[in-house]
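Here are some notes for a first look at this structure. Keep the sequence and the model open side by side while you read.

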Amino acid sequence: MKQGPRFGGLWEPGMLREGINDALKEAMKAGDKRRVSTLRLVNSAVKNADIEARGQGKGPLSDEELLSLLQKMIKQRQESVELYEKGGRPELAQQEREEIAIIAAYSPQQMTEAEMRAAVDAAVAETGAAGMKDMGKVMAALKTRHGGKMDFAKASGLVKARLAG
């Protein structure tokens with residue numbers, strides 16, 4: 001794979017779309033059917049999101065919005081893996097895992113639980129949050145600072161626990 005302007009599994013700002021398109025071309029040349037189909041799904045989701053944004057009078061998605069879209073795609077596939085495993089379909093679960101790995105290559109590495117706790121503590125201190133009424137401020141600070149690297153469903157639980165205690 002072409003080693004372009006990358007850091008930590010992420011293309012440099014403004015380069016994410018180009019990186020995905022380059023990877024698609026390389027996968028097509030290499031005959032990697034799984035990667036080709038997955039990257040085509042990613043491109044399709046990006047184009048649909050761009051069209052939706054244009055309909056709302058916005059421009060194309062920023063890299064941060066693209067990362068959020070990739071996270072949603074990964075989460076959907078993780079949910080599918082669980083369903084396929086419960087339904088006794090290991091081959092379909094494996095297919096979803098392969099897609100997760102391909103999509104995750106374009107996302108920053110996710111924060112560990114300890115890193116999330118530290119980020120929540122820092123955001124609470126920074127915003128001066130004193131109770132549950134300040135949860136929105138804390139979550140906004142986390143999204144600004146850690147977008148694409150943090151599972152915000154888990155972070156929400158950590159913020160609630162921190163503000164309640």
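**Notes on the model**

1. Start with serine 156. This residue has 17% relative accessibility, so serine 156 counts as buried; the cut-off for buried is under 20%. Bear in mind that the model is predicted.

2. Where does serine 156 sit? Serine 156 is part of helix α7, which covers residues 152–164. Which residues does serine 156 touch, leaving aside its neighbours within four places in sequence? The partners are Met135 and Met139.

3. Now step back to the whole protein. The model has seven helices and two strands. Along the sequence, the order is β-β-α-α-α-α-α-α-α.

4. Next, the overall dimensions. Taken along the principal axes, the C-alpha atoms fill a box of roughly 55 × 40 × 35 Å. The accessible surface is about 9800 Å². Carbon and sulfur atoms account for 54% of that surface.

5. How much of the protein is buried? The protein has 165 residues, and 36% of them count as buried. Contacts across the sequence are worth a look too. Take the contacts between residues at least 6 apart in sequence: 59% of these join residues at least 24 apart.

6. Turn to a helix pair. Two packed helices are described by the angle between their axes and the distance between the axes. For helix α1 (residues 16–30) and helix α2 (residues 33–55), the axes come within 9 Å and cross at roughly 150°. That angle makes α1 roughly antiparallel to α2, because angles over 145 degrees count as such. The crossing of α1 and α2 is left-handed.

7. Which residues make this contact? From α1 come Arg17, Ile20, Asn21, Ala23, Leu24, Ala27 and Met28. From α2 come Arg35, Val36, Leu39, Arg40, Val42, Asn43, Val46 and Asp50. By class, the contact of α1 with α2 holds nine nonpolar, two polar and four charged residues.

8. Finally, look at arginine 97, in helix α4 (residues 90–104). Is arginine 97 buried, exposed or partly exposed? Its relative accessibility is 33%, so arginine 97 counts as partly exposed; that class lies between the 20% and 50% cut-offs.

9. Arginine 97 also has partners from elsewhere in the chain. Leaving aside neighbours within four places in sequence, arginine 97 is in contact with Val81 and Glu85. Glutamine 78 is 19 residues away along the chain, and its C-alpha atom is 7.5 Å from that of arginine 97.

Key:
Residues numbered from 1 in each chain as written. Predicted model: local features only at pLDDT ≥ 70, side-chain atom pairs only at ≥ 80, totals over all residues. Heavy atoms only, no water. Helix = DSSP H or I, 4+ residues; strand = E, 2+ residues; numbered from the N terminus. Buried < 20%, exposed > 50% of the residue type's maximum accessible area, 1.4 Å probe, protein only. Contact = heavy atoms within 4.5 Å. Axes fitted to C-alpha atoms, helices over the stretch in contact; angles between N-to-C directions. Parallel < 35°, antiparallel > 145°, perpendicular 65-115°, else oblique. Left-handed = near helix turned anticlockwise from the far one by under 90°. Nonpolar A, V, L, I, M, F, W, Y, C, P; charged D, E, K, R; others polar. Areas by Shrake-Rupley, 256 points an atom, 1.4 Å probe, with all protein chains shown as cover.
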